[in-house]
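Here is a short report on one protein chain. Look over the sequence and the model first, then read on.

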Amino acid sequence: QVQLVESGGGLVQPGGSLRLSCAASGSIFSINAMGWYRQVPGKERELVAIITSSGSANYADSVKGRFTIFRDDVKKTVTLQMSSLKPEDTADYYCYAHLMYSGRWNDYWGQGTQVTVSS
């Protein structure tokens, strides 16, 4: 069984920084992409940042220059470093991984962690 467990959410003031971490566990054979999505009530989940197994990263335009994603394939973790946070970054953030488990490639999601940017 695969689990993605997030940590690091919370309340931060505008302009502040926060780091989200996600650890994958289980009998995982291989991990392709890992990333972060976010969702606010009433809106669709949107991509924040994603990084491939080769280290290539893509970001939503709204977070470019402020957020950085990196991964550790030995520890099976993905981290999102968020800086210069804005109130519009407030959302539930979900860890994502496309990985091979039991011989099949599938998408997996964490349970979500809340980020609130407010003074």
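Rings of Phe, Tyr and Trp (its six-membered ring) pair if their centres lie within 6.5 Å; planes under 30 degrees apart count as stacked, over 60 as edge-to-face and the rest as tilted. By that rule, ring pairs link Y37, Y96 and W109 into a cluster.

This is a predicted model, where local features need pLDDT of at least 70, side-chain atom pairs count only at pLDDT 80 or more, and totals for chains, interfaces and linings use all residues. Residues are numbered from 1 along each chain as its sequence is written, and side-chain values use heavy atoms, with hydrogens and water left out.

## The chain as a whole

The chain has zero helices and eleven strands. Both terms stand for DSSP runs, numbered from the N terminus: helices are H or I with at least four residues, strands are E with at least two. The chain has a radius of gyration of 14 Å, and this agrees with the value near 14 Å of a compact globule with 119 residues. The radius is taken over C-alpha atoms, and the globule rule is 2.2 Å times the number of residues to the power 0.38. The C-alpha trace spans about 45 × 25 × 25 Å along its principal axes.

How much of the chain is buried? Buried residues make up 39% of the 119 residues. Buried means under 20% relative accessible area, exposed over 50%, and partly exposed in between (1.4 Å probe, protein chains only).

Contacts also reach along the sequence. Of those with a separation of 6 or more, 55% are between residues 24 or more positions apart. Contact here means heavy atoms within 4.5 Å.

## The aromatic cluster

A search of the whole structure finds three aromatic pairs. Two pairs that share Y37 are set out below.

| Ring pair | Centre distance | Plane angle | Type |
|---|---|---|---|
| Y37 and Y96 | 5.7 Å | 65° | edge-to-face |
| Y37 and W109 | 5.0 Å | 70° | edge-to-face |

Y37 sits in strand β4 (residues 28–39) and Y96 in strand β9, 59 residues apart. W109 belongs to strand β10 (residues 104–109), 72 residues from Y37. Y37 counts as buried at 19% relative accessibility. Y96 is also buried, at 10%. W109, at 36%, counts as partly exposed.

R45 lies over the face of W109, 4.7 Å from the ring centre. R45 also lies over the face of Y94, at 3.7 Å from the ring centre. A charge sits over a ring if NZ of Lys or CZ of Arg is within 6 Å of the ring centre and within 35 degrees of the ring normal.

## The disulfide

The structure holds one disulfide. The term means a pair of cysteine sulfur atoms within 2.5 Å. Which residues form it? They are C22 and C95, with sulfur atoms 2.0 Å apart. The link is left-handed, with -80° about the S-S bond. C22 lies in strand β3 (residues 18–25) and C95 in strand β9 (residues 91–101), so the pair ties together parts that are 73 residues apart in sequence. C22 is buried at 1% relative accessibility, and C95 is buried at 0%.

## A residue in strand β8

T79 is placed in strand β8 (residues 77–82). Its relative accessible area is 9%, so T79 is buried. Beyond its neighbours within four places in sequence, T79 is in contact with residues including R19, L20, W36 and F70.
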